[in-house]
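Subject: Structure handover and notes

Hello,

Here is the structure for you to look through. My notes on what was found in it follow below.

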Amino acid sequence: MTSSSPSSHHEIVIVGGGVAGASAAYHLSKLGKTDIALIERHQLTSGTTWHAAGLIMQLRSSHSLTALAKYNVELYANLEAETGQATGFKQNGTLGVARSKDRLFEAKRLASIAKSFDIEAHIITPLEARRLYPAMDTSIIEGAIYIPDDGQTNPVDTTMSLIAGARQRGVKVFENTPANNLMRLSNGHFRIETPESTIECEKLVLACGLWTRDLAAKLGVRVPLYPCEHFYVVTEPLDFVTPNLPVLRDTDGHVYVKEDAGKLLVGAFEPEGKPLPMEKLPKDTPFIELPEDWEHFELPFSKAMEILPGLETAGIAKFFNGPESFTPDLLFMLGEVPGMPNCFVSAGYNSEGIEFGAGAGRALAEWIVEGEPTLDLSHVDVARFHPFQINRNYLHDRVREVLGQHYKMDWPHQQPASARGVRRSVVHDKWASLNASFGEGMGWERPMWFAPPGGSTENVYSHSRPNWFAHTAQECRAAREDVVILDQSSFGKHLIQGRDACDCLQYMCAGDINVPVGKLVYTHMLNNRGGIETDITVNRLSETQFLVISSATIQPRDKSWIERHLDAERHVFLSDVTSNYAVLSLQGPRSRDLLCTVSDADFSNEAFPFATSREIDIGYARVIANRLTYVGELGWELHIPCEFAQHVCDVLLGAGEAFNLKPAGYHALEHLRSERAYREYELDLTPEDTPLEAGLGFTVKLDKPGGFTGRDALLRQKNAGPLTKRLVMFKLKDPEPVLFHEELIYLNGEIVGYVSSGAYGFTLGASVGMGYVNHAEGVTKALIAAGDWEIEIACERYPAEASMNAFYDPHGTRVKS
């Protein structure tokens, strides 16, 4: 039984009675929050949870996502005993088959990740797979991964068990209570208007599945979701189906198959999804079922019949088609929405709400109670999206591809094919004429690599050496020996100004921002645990103006973080000026010589030292020149007002011919920065890593007046003795294997971490990478020197050298030459 009428005031209101809302309510109640009302417009689970397949899989393609996903087994295995409400959870395992050697390699990478978490996972032969699933035609597979503790659950019963646990601790639940209108009040609270009452709350959680986008819009909040149709069929009873059959995932065939009371449920993530505008959904209707579409389902079902020939004669008891919500990047969205304090979102689960709902609900509850995330959620943070991504045309075209990405190969550096050309640098066409192969970052079209004149710019992906490797190697060589030009216009750029701007930034940043005009400061904004929330460069333009530069792919989240922590009572203002400037970067030992031919500025070390900024003339334009590098060479990043950028680009390219100037792309940037061990946010730097652990203590000013956010945590860490976690650089001794990220790090035969990022070092003739090493007695130089180090790539280990410093130019002499 649910309560009949909500009170006029609750501390927290959760809108949505599916697994996302139920999990948030359950975990909040476990943390002592009981003044909670959960409202559902129809019946609990009647949105999309009721028709979920209920698959449970712990492993994901990254350590951070696996850390969230694996909690599902821990929670669901014990939930019935705690609440008394049956869940239908059973651990019959997952069997992921591979029809190709590339897919088997991908499975082996997952099996390596499993070792970090003590998740039992086995790479097995086709014969061994046949023993687990006798009805399968194993002649078409190369092998499989078997995860015995995975399984399946009943989505409705599991959600009701979460609700039961929440109610037992005092949470109030109201069905048939739609939120007709939302309003933010002047006191910061929220008003929810329902047909029967008006509720005021201090914190609001929107967990309404695919309806979250339109409901959030009533508050002016952008939640980029779009529905797709999701299909599965249920067969008549089959003789070969037994209760202990593992869930079968045939990702090459785009299908999953699970046992369902003596029948088989066959579902699909087909290569191209079928987006469905919200206005075509039945209005105000629970338990929505959409029309059958056998034509669309034909490809995955034909693949299912290949792997399970018994399906060819199976009767179909039910063809189900229901709506699911998808996001532009196939990751769900969680957390406090930008510009709306105490309004939280848990939505966009891309058909994986049951799998991620447990971990996401716990993480969101901790965020709400603690006031900030307690673990790295940057990759699923709702603040990560750019405003343009709410565009419905963009979402319609992108989610068609995103749905299929569930089961497509997870290639390194894979680029989306849909909804492209959204944002372009003003010199985009110049790179196109030079045969650039473009990739996408936060909507920006960016040169990734340059093909020879007349050559194909199509990407041919690989787990080792893709088709652009040779071309990228030439770009890297040009950067090390001559000079390259990179278009980095996609940098996020925020102007922070006002008479209190310096004081505010001083408290927000770990570094010293109160520097002379023209000084560049590489610094970080930290959380209260000392973890890195932003990785930025600050350029002091004047006594009251600061230009903050951040990576394109995290610019919206950086902006949200800064806005959230600027003191509203102070005279300080933030403006997003990303679109005001193009950025052309000249990098390489001949960059100074080139610039001297196009500008009358003095580029000598004495006049223009590293980490300084000057306004200079190039051609007929006035630009901001920052002496910085992300490749490990002498170089300048030129911030150019957009209307002058084409002119400056032409001047540089014309003069550059005498210096063997070559255009370079973002792949080259990745290889070059890896050689020099420059960190990248979301890979090597996250909210769970402190500057001290990252080897960036030199950027921190612990004794600056007034302190800064996270200072106390860093002081405690510094005074606690040797760091037990530290970022270490690695170089493989074998020149053949290629590192990307997530590969395991072994010290004397024991797993001590994983590679956060890596690339082939063309200059060094071997792969290099970096990753956090964990050692209870401290990660010291002596430990690194004496240890026997190995890196595991797809279940195979390779000897490696380890160092606290970069393997290329470890002392940075080339940068300051």
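A residue is called buried under 20% relative accessible area, exposed over 50% and partly exposed in between, with a 1.4 Å probe and protein chains only. By that rule Thr-45 is buried, because its relative accessibility is 2%.

Before the rest, some ground rules. This is a predicted model, in which local features need pLDDT of at least 70 and side-chain atom pairs count only at pLDDT 80 or more, while totals for chains, interfaces and linings use all residues. Residues are numbered from 1 along each chain as its sequence is written, and side-chain values use heavy atoms, with hydrogens and water left out.

Backbone angles

Helices (H or I, at least four residues) and strands (E, at least two) are DSSP runs, numbered from the N terminus. Thr-45 sits in the loop between strand S2 (36–39) and strand S3 (55–56). Its phi is positive, about 70°, although Thr-45 is not a glycine. Phe-287 is not a glycine either, and has a positive phi of about 50°. Phe-287 is in the loop between S16 and helix H8 (294–307). With a relative accessible area of 36%, Phe-287 is partly exposed.

Strands

Two strands count as paired if DSSP finds at least two bridges between them. Strand S1 (residues 9–15) is mostly covered, with six of its seven residues buried. S1 runs parallel to strand S11 (residues 198–206), and six bridges join the two. In S11, Lys-203 is the bridge partner of Ile-12. S1 also pairs with S2 in the parallel sense, over four bridges. There, Val-13 stands opposite Ala-37 of S2.

Strand S29 (residues 581–587) is largely enclosed by the rest of the structure, because six of its seven residues are buried. Strand S23 (residues 484–487) pairs with S29 in the antiparallel sense over four bridges, and Leu-486 stands opposite Ser-585 in S29. Strand S32 (residues 635–641) is also antiparallel to S29, and seven bridges join them. In that pairing, Val-583 stands opposite His-639 in S32.

Two further strand residues come with distances. Leu-95 is in strand S4 (residues 94–98) and is buried, with a relative accessible area of 0%. From C-alpha to C-alpha, Leu-95 and Met-57 are 10 Å apart in space, and they are 38 residues apart in sequence. Arg-797 is in strand S39 (residues 796–803) and is partly exposed, at a relative accessible area of 39%. Arg-797 and Lys-108 are 689 residues apart in sequence and 12 Å apart in space, C-alpha to C-alpha.

Aromatic rings

Rings of Phe, Tyr and Trp (its six-membered ring) pair if their centres lie within 6.5 Å; planes under 30 degrees apart count as stacked, over 60 as edge-to-face and the rest as tilted. The count by this rule is 28 aromatic pairs. In one of them, Phe-269 and Tyr-407, the ring centres are 5.2 Å apart and the planes are at 80°, so the pair is edge-to-face. Phe-269 lies in the loop between strand S15 (263–268) and strand S16 (274–275), and Tyr-407 in the loop between helix H10 (392–405) and strand S20 (423–424), so the pair ties together parts that are 138 residues apart in sequence. Phe-269 and Tyr-407 are both buried. Elsewhere, Phe-231, Trp-294, Phe-297, Phe-301 and Phe-319 form one aromatic cluster.

A charge sits over a ring if NZ of Lys or CZ of Arg is within 6 Å of the ring centre and within 35 degrees of the ring normal. Arg-480 lies over the face of Tyr-808, 3.9 Å from the ring centre. Arg-614 lies over the face of Phe-608, 5.4 Å from the ring centre.

Cavities

Rolling a probe the size of a water molecule over the atoms shows where empty space is left. On a 1 Å grid over the protein atoms alone, a cavity is a set of points where a 1.4 Å probe fits but cannot get out, and lining residues have an atom within 4 Å of a point. Grid points are joined across faces, edges and corners, and a volume is the space filled by probe spheres set on the points. The structure holds five cavities of 30 Å³ or more. The largest cavity has about 110 Å³ of space. Its lining has 13 residues, of which Asp-381, Glu-533, Arg-557, Trp-561 and Arg-564 lie nearest the centre. Helix H14 (residues 555–565) gives the most to this lining, with four residues.

Regards

How values were computed. On a 1 Å grid over the protein atoms alone, a cavity is a set of points where a 1.4 Å probe fits but cannot get out, and a pocket is an open set with protein on both sides within 12 Å along at least five of seven lines; lining residues have an atom within 4 Å of a point.
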